[in-house]
Amino acid sequence: MDLNTITSVIEAPTRTDQARWQPGDAWLAGGTWLFSEPQPHLRRLVDLTGFGWEPLRAGETGLEIAATCTLAQLYAMPLPPHWPVGPLIRDCCHALLGSFKIWNEATVGGNLCLSLPPGPMISLTAALDGVCTIWTPDGGHRQVAAAEFVTGPRANVLAPGELLRSISLPDRALRATTAFRQISLSPHGRSAALLIGARTPGSFVLTVTASTVRPIQLRYAAVPGPAELAAAVDRTIDPPLYYDDVHGTPAWRRLMTLRFAEEISRELGGQP
Amino acid sequence: MRPTSVEVNGTDFAAPPRPGQCLRTYLRELGWYGVKKGCDAGDCGACTVHVDGRPVHSCLLPAYRALGHRVTTIEGLAPGGEPHPVQRAFLDAQGFQCGFCTAGMIMTVAALDEAQHQDLGRALKGSLCRCTGYRAIADAVAGVTNVEQPGPGDQIGRNLPAPGGPAVVTGTARFTLDVSVDGLTHLKLLRSPHAHARIRSIDPSAASAVPGVLAVFTYADSPGRLYSTARHEDPRDDPADTRLFDDVVRFVGQRVAGVLADSVAAAEEGCRRLVVDYEILPAVFDPEQAMAPGAPILHPDKGAEQRIACAQRNIAVEVHGDVGDVEAGFAAADAVYEHTFTTHRVQHAHLETHASISRLDETGRLDVRTSSQVPFLTRRALCDLFDRPEQTVRVACGRVGGGFGAKQEMLTEDLAALATLRTGRPVQLEFTRQEQFAATTTRHPATVQIKVGARRDGTLTALRLRVVSNTGAYGNHAAAIFHSCHEAVSVYRCPNKKVDGYAVYTNTVPAGAYRGYGLSQTIFAVESAMDELARALGLDPIAFRQRNVIGPDDPMIAHSTEPEDVEIGSYGLDQCLDLVDAALRRGEGTSPGPDWLIGQGVALAMIDTVPPHGHRSRARISLLPDGGYELAVGTAEFGNGTSTVHRQLAATVLGTSVDRIRLRQADTDVVAYDTGAFGSTGIVVAGLAATRAAQALRDRLIAAAAARTGVDPAACELDADAVRCGGVPVPLADLAQGGWAPAGEGACDGSPRSVAFNVHGFRVAVHPGTGEIRILQSVHAADAGRVVNPMQCRGQVEGGVAQALGAAMYEAMVLDETGRVTTDTFRNYHVPAFGDVPRTEVHFADTADRLGPLGAKSMSESPFNPVAPALANAVRDATGIRFGALPLTRDRVCLSIAAGAELPPAHTAGVHPHE
């Protein structure tokens with residue numbers, strides 16, 4: 001929709017513009033959320049795509065995803081055979097409520113920064129041990145684990161004027177064998193629970209998202225048995241951490257979370 | 001160098017976009033009206049265009065990002081003149097009804113790759129259609145041809161295409177706002193943040209100072225007259241409880257003031273700068289609480305004079321009636337079932353929001369172009385409100401993008417007219433999707449306490465209902481929905497019946513007319529209860545119904561023996577029950593796996609073919625000099641397909657083919673009168689008027705030709721080109737010459753009325769671990785009389801079933817503890833998408849109605865009505881749990897199965913705190 005209070009756009013920003021961040025500014029990435037709701041408090045947009053970041057950089061240490069990389073670019077990226085996580089990436093793209101048309105504009109970074117519990121790029125980057133690089137207004141940067149980036153519904157670690165530059169997925173995590181489970185109130189609806197298990201030699205991590213207000217992770221040296229994992233999930237997640245909105249009641253989200261934890265354990269070879 | 005123009009459909013445009021402008025409005029301002037606004041939030045896909053070949057939702061794309069790029073809209077999809085293959089496919093399959101989503105749908109389908117074609121549920125999840133139920137769209141994508149080409153011969157019973165099709169698929173159909181008006185100004189509304197408050201004052205000075213603001217309208221500018229936003233043939237059907245702008249607001253979202261400006265941006269800014277001093281009043285949201293002593297009273301200063309039943313108890317309307325002796329009936333029963341059923345607040349979600357453009361024409365006449373089902377009634381209401389004679393007001397529709405009852409209401413026209421009359425300027429008022437949810441109308445939430453008894457052999461002995469409906473802050477349609485206490489009850493033979501009904505004011509968004517009025521709410525209770533009673537008696541639910549429903553010669557008695565003008569003009573209920581029974585016995589659809597619980601359920605519905613208290617239609621058809629005809633009807637086309645049917649009816653009478661008949665419609669200038677397109681009247685009232693007009697013209701043409709040739713009129717016959725007088729052809733073109741313009745007029749006053757029937761059956765699988773309901777088989781049988789256009793009638797059934805499944809499984813409007821609607825986007829109010837809707841087998845009973853035009857009956861609202869109880873009955877069969885409340889969402893089904901009993905809906909039972 002038209003954002004009629006916007007009076008200017010910085011289409012090709014610099015770090016200097018970032019230092020001059022002011023109330024009423026908003027970072028614009030894909031715009032697929034920003035333009036979807038009235039934003040009467042905003043006056044100026046700062047277009048991150050104007051930085052011209054390379055969307056995806058694969059190297060020996062892993063995969064660096066620019067915050068402005070679109071879901072369509074991520075979805076289409078060919079991965080080398082030693083990174084078997086292509087199906088997981090595609091499952092996570094499909095878990096976005098928006099269709100492939102939205103993927104053409106929506107960005108990975110935007111999905112994290114919006115920080116809605118069902119954001120599937122939050123799930124993906126947390127599950128694959130992503131590290132977020134944040135540019136600070138003073139020209140510097142800092143890093144935070146993707147699993148720690150989102151702190152609650154529509155809340156994250158960014159301070160005013162900070163921006164998410166990229167998310168790096170380490171090579172070790174990209175080699176993982178993964179299991180994906182997702183459910184919503186309708187066949188292609190907004191996720192009410194999205195769990196990912198990632199198994200690498202000597203480690204297993206279960207990432208719970210969508211059902212909880214922020215990502216919750218459980219780490220093990222090996223895949224626990226289904227009952228053990230589900231029990232651990234139930235101990236770890238206090239009831240208030242289950243998200244409550246029209247896309248699913250907390251009690252059901254808990255049941256789905258426990259169910260999926262068991263299923264993921266079974267799929268990844270957890271012995272009862 | 002930074003590009004400064006956008007290439008749209010092959011032409012460069014250099015208009016600079018505004019900083020926060022989205023591509024959608026940029027394109028529309030350039031005149032590319034094929035780009036539609038359904039939600040303006042990226043959820044519905046109606047605005048889909050291609051940018052450098054990639055499909056995007058243009059409402060989400062900053063317009064400046066299109067600079068230097070190539071944009072293709074529906075108008076540019078097939079530059080050569082020949083339709084694009086996907087446009088052709090949508091025409092051949094008739095993959096549309098109202099057509100508002102079609103441009104975006106076609107642009108989306110045209111961009112699918114082969115893999116996406118294999119998974120359309122996923123590929124089309126961002127493309128909403130509210131009319132079709134998606135089967136016709138699936139056919140279009142698959143390349144199925146459903147339409148027959150027009151030609152001579154019998155026009156009834158043929159799948160002739162909708163006349164608007166070519167314009168719909170090319171994006172050239174002109175919906176309400178798809179016009180360019182010089183000097184257009186824009187009205188935006190400030191809406192109440194409080195559920196109940198008195199406005200002490202409004203200071204407009206800061207708003208008036210905003211550059212571009214032309215005028216501010218508040219309660220001080222409001223005509224004093226009280227009225228109802230609801231439109232009916234008889235204005236006394238609704239309480240007069242509404243002011244254009246009131247100094248008391250009674251729900252969050254009520255209009256407080258309007259700001260007129262030369263741009264939407266300035267009008268919005270003006271609204272933000274209005275300073276309103278509110279005195280907050282206590283509010284009540286629950287209808288039972290609202291009726292209790294001590295509750296806040298919404299309309300204390302009104303009463304019987306405004307046709308409010310009991311203002312001091314917040315009762316807008318009440319009905320009471322009984323026949324026989326229900327207590328004696330229950331005493332005589334071997335089995336009695338008693339339960340309370342609740343249906344929740346749902347919304348029409350037609351894709352074209354409410355909108356109007358008003359202006360003064362060169363003669364000073366007020367001319368209102370609006371998205372309405374009732375142009376004539378709206379003219380009458382405007383004349384009443386502004387004390388103007390009828391000839392000084394014209395109301396006309398463009399193509400209307402869906403309605404489902406929501407546009408049987410005056411929600412924008414009064415405001416636009418006020419602004420035009422005060423300023424002399426052309427005024428546009430376009431509701432946002434948020435306004436649609438927060439501040440238009442909804443279905444009436446209802447609670448139905450039902451008690452029903454039967455003897456061991458299955459014979460009903462007594463039926464008692466207590467219905468409490470929440471009409472919200474205003475009583476529009478509060479009375480009309482109580483026809484639900486007629487058909488849902490009178491379809492069953494039972495000597496003892498009693499009904500008590502209350503429509504209650506609360507401080508919530510008003511309820512209004514919605515497909516089937518209150519029938520779906522009452523039928524949910526009655527059909528669920530009948531299912532339980534059959535179970536209690538160990539009887540097959542279909543056989544139990546067959547034993548108790550009325551037959552073709554039975555009287556229809558609800559809760560009174562007062563005579564009504566309803567009769568059984570044709571009877572196909574027995575066939576419908578048999579058709580569904582036979583289909584379910586075939587048992588199609590296999591269980592997804594051993595974990596799933598399987599069950600089946602049925603429900604039936606009866607509906608009067610015309611609303612009560614009269615429904616009047618006038619039609620006129622004239623012969624044109626080229627031998628074709630022009631048919632003028634007052635009723636509006638909003639996806640219901642009446643345009644197609646009117647042409648078929650007239651063509652049949654005139655012995656011609658439909659392509660020879662041009663149609664003018666929905667304009668107070670083209671015919672004398674039409675009550676409007678509601679209550680399923682498009683065929684049975686307006687269609688009958690059109691049929692009679694054609695019959696009158698046929699008789700005149702034959703008489704004229706007979707006089708010219710001296711042949712006995714009885715020996716003359718009209719065909720497509722000539723009147724054949726004993727073998728001598730008198731060409732029609734000759735008859736239309738010489739200053740004589742032969743015309744025929746027809747009228748119908750909507751009485752007597754007939755009844756139509758619908759039966760739905762489901763076989764479902766329910767997963768106890770997740771609560772997922774998978775529909776294995778969906779079958780619907782309809783008694784529509786003689787089916788004029790089977791393709792379209794099937795589409796009406798499928799669309800109604802899909803809409804009803806939305807309400808039964810997904811959709812729910814949620815209000816927070818302040819009474820604010822929180823589900824004001826399609827992201828949070830889930831209307832069915834392609835992947836949510838099963839294919840439904842549709843069967844028609846073989847009947848012909850003695851009252852309807854050429855044997856036809858209505859079939860537009862009623863398919864909605866039996867769906868939810870059929871689903872709940874199937875889920876009951878599968879799980880053992882009787883769900884008395886809707887919707888049957890996965891979370892509630894799962895938790896209820898785990899608990900062994902129904903749990904109440906978490907988010908819809910009253911109010912819910914929201915982050």
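**Entry 1: a helix in chain B**

Helices (H or I, at least four residues) and strands (E, at least two) are DSSP runs, numbered from the N terminus.

A reminder on the source: this is a predicted model, where local features need pLDDT of at least 70 and side-chain atom pairs count only at pLDDT 80 or more, while totals for chains, interfaces and linings use all residues. Residues are numbered from 1 along each chain as its sequence is written, and chains are lettered from A and ligands numbered from 1 in the order in which they are written.

Why do I call α6(B) largely enclosed by the rest of the structure? Six of the eight residues in this helix (residues 135-142) are buried, so the rest of the structure largely encloses it.

**Entry 2: one of the covering helices**

α23(B) is itself mostly covered, with 20 of its 21 residues buried.

**Entry 3: chain B as a whole**

I counted 25 helices and 31 strands in chain B. The radius of gyration of chain B is 27 Å, close to the 29 Å from the globule rule for 915 residues, so chain B is as compact as a globular protein of that length. That radius is taken over C-alpha atoms, and the rule is 2.2 Å times the number of residues to the power 0.38. The C-alpha atoms of chain B fill a box of roughly 80 × 75 × 60 Å along the principal axes. Of its 915 residues, 64% are buried.

I also checked contacts, where two residues count if their C-beta atoms, placed from the backbone, lie within 7 Å. Among those in chain B between residues at least 6 apart in sequence, 80% join residues at least 24 apart.

**Entry 4: domains of chain B**

How is chain B divided? I have domain 1 (185-281 + 354-402 + 407-439), domain 2 (446-611 + 753-899) and domain 3 (617-748), with bounds from an automatic or database domain assignment. The C-alpha centres of domain 1 and domain 2 of chain B lie 36 Å apart. Between these two, 23 residues of domain 1 are in contact with 23 residues of domain 2. On the domain 1 side I sorted the residues into eight nonpolar, nine polar and six charged. In this sorting, Ala, Val, Leu, Ile, Met, Phe, Trp, Tyr, Cys and Pro are nonpolar, Asp, Glu, Lys and Arg are charged, and the others, Gly among them, are polar.

**Entry 5: a residue in a strand**

I picked B:Val728, which sits in strand β27 (residues 728-731) of chain B. Buried or partly exposed? With 14 C-beta neighbours inside 10 Å, B:Val728 counts as partly exposed. Leaving aside residues up to four places away in sequence, B:Val728 touches B:Thr709 and B:Val711.

**Entry 6: over to chain A**

Chain A has 10 helices and 14 strands. Its radius of gyration is 19 Å, close to the 19 Å that the globule rule gives for 272 residues, so chain A is as compact as a globular protein of that length. I noted 57% of the 272 residues of chain A as buried.

How many residues of chain A are in contact with chain B? I found 43 residues of chain A in contact with 49 residues of chain B. β1 (8-10), α4 (100-103) and α10 (250-267) of chain A each supply at least two residues of that side, and α10(A) gives the most, with five residues.

**Entry 7: a loop tyrosine**

My last stop was A:Tyr243, in the loop between α9 (226-236) and α10 of chain A. A:Tyr243 is buried, with 24 other C-beta atoms within 10 Å. Beyond residues up to four places away in sequence, A:Tyr243 touches several residues, including A:Pro117, A:Pro153 and A:Arg253.

Note on methods. A residue is buried if 20 or more other C-beta atoms lie within 10 Å of its own, exposed if 12 or fewer, and partly exposed in between; C-beta atoms are placed from the backbone.
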